[in-house]
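Some notes for your read-through of this model follow. Please keep the coordinates open beside them.

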Amino acid sequence: MTWGWRLDDDMCHLVLTDWNKKGAQAGFTTRKGGFSSGDYESLNMALHVGDTSRTVLDNREKVAVSFGFDPGQMVCAQQIHGKQVAVVGGGDAGRGFYDHADSLAGCDGIVTNQPGIMLTLFFADCIPIYLFDPVRKAVGLIHSGWKGTALRIVEVGITALEKNFRCHPRDLQVFIGPGIGPECFAVNEERLRQVRQAFAWSEKVIYSDAENHYYWDLPLTNELIIRDAGVPEENITSCRICTACNQELFFSYRGAGGRTGRMGAVLGLLD
Ligand SMILES: [Zn+2]
């Protein structure tokens, strides 16, 4: 599967054009081309990070127009770094678009088989994971930071697709989007212990440097969890772009020391 960039006005989105032909629309915004200023310059998509709400709504509307959907189709989640995945339908359309408090509570993943719903989650270093079953026509979007990765939230998302829509992991197409890369994700002793406890193959995803600092590869960890869940390796594409290494293009929570905007990941079935 190939991915690419789409320039629109002064925006620059990562898009999965291959999926359009198979019935899904997927994209990831960058920080380019929005209306926010200061720490949030400029295409901040999240309402909950201290930016002016009206400006965020302008940014969201600009992105919706660019992708050709109505803002009222968006379904957002509150994202608490847990492992809950919500199943949504037509009645959820618009949740979290105008008001963060109206987002799906307590979850970090969303799945649907309803065309016209645009699953939307927000990122600045955490790993965005796109799941698409072109056979059963279902999609899932997952927010997997280090906590979610340790909790294997992406596996919960795959199970939700199986249980609710009779998807089979062998049919799933998966894209792992921009997030913090191993070279920028140093971990302390405690975290290192957690990784080793959580994954039998932890040594594949931990690196150390000459000074005995340790680094954890979150995108690869998620990829290995997805393969363990039965998705064929050839169905998985990981873009391997580090948000912290590319702060001209992306918001990075670690890179900015905490106060920054969020990119939006969007995923929906086409009618
Ligand atoms: Zn990096």
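1. Start at one pair of residues. A86 stands opposite I110 in β6. Bear in mind throughout that this is a predicted model. The strands β5 and β6 run parallel and are joined by three bridges.

2. How do its two partners run? Strand β6 (residues 109–112) pairs with β9 in the antiparallel sense, over four bridges. Strand β8 (residues 127–133) also pairs with β9 in the antiparallel sense, over seven bridges. In general, strands of a sheet pair through backbone hydrogen bonds, in either the parallel or the antiparallel sense.

3. The hairpin of β8 and β9 has four residues between the strands. There, K137 takes a positive phi near 55 degrees.

4. Is β9 mostly covered or mostly open? Strand β9 (residues 138–144) is mostly covered, with seven of its seven residues buried. A138, G140, I142 and S144 point one way, while V139, L141 and H143 point the other way. Both sets are buried.

5. Neighbours within four places in sequence aside, V139 is in contact with A24, V111, T112, L119, L131, F132, L267, G268 and L269.

6. Which residues have the most contacts inside the largest nonpolar core? They are L131 and V139, in a core of 74 residues. Helix α4 (residues 153–165) supplies the largest share of this core, six residues.

7. An open sheet of six strands, with mixed pairing, reads β1-β2-β3-β15-β7-β4. Here β1 (4–8) and β4 (74–76) are at the edges, each with a single partner strand, so one side of each is left without a neighbour in the sheet. Neighbouring strands of this sheet are turned by 30 degrees against each other on average, direction ignored.

8. Within that sheet, strand β7 (residues 118–123) and strand β15 (residues 263–269) run antiparallel and are joined by five bridges. For a reference point, F122 stands opposite G264 in β15.

9. Last, helix α2 (residues 53–67). Buried residues in α2 are V56, N59, R60, K62, V63, A64 and F67. What covers them includes β3 (24–28) and β15. Just after α2, G68 takes a positive phi of about 80 degrees.

Conventions: Residues are numbered from 1 along each chain as its sequence is written. This is a predicted model: local features need pLDDT of at least 70, side-chain atom pairs count only at pLDDT 80 or more; totals for chains, interfaces and linings use all residues. A nonpolar core is a set of buried Ala, Val, Leu, Ile, Met, Phe, Trp, Tyr and Cys residues joined through C-beta atoms within 7 Å. A residue is buried if 20 or more other C-beta atoms lie within 10 Å of its own, exposed if 12 or fewer, and partly exposed in between; C-beta atoms are placed from the backbone. Helices (H or I, at least four residues) and strands (E, at least two) are DSSP runs, numbered from the N terminus. Two residues are in contact if their C-beta atoms, placed from the backbone, lie within 7 Å. Two strands pair if DSSP finds at least two bridges between them. Axes are lines fitted to C-alpha atoms, for helices over the stretch in contact, and angles run from 0 to 180 degrees between N-to-C directions.
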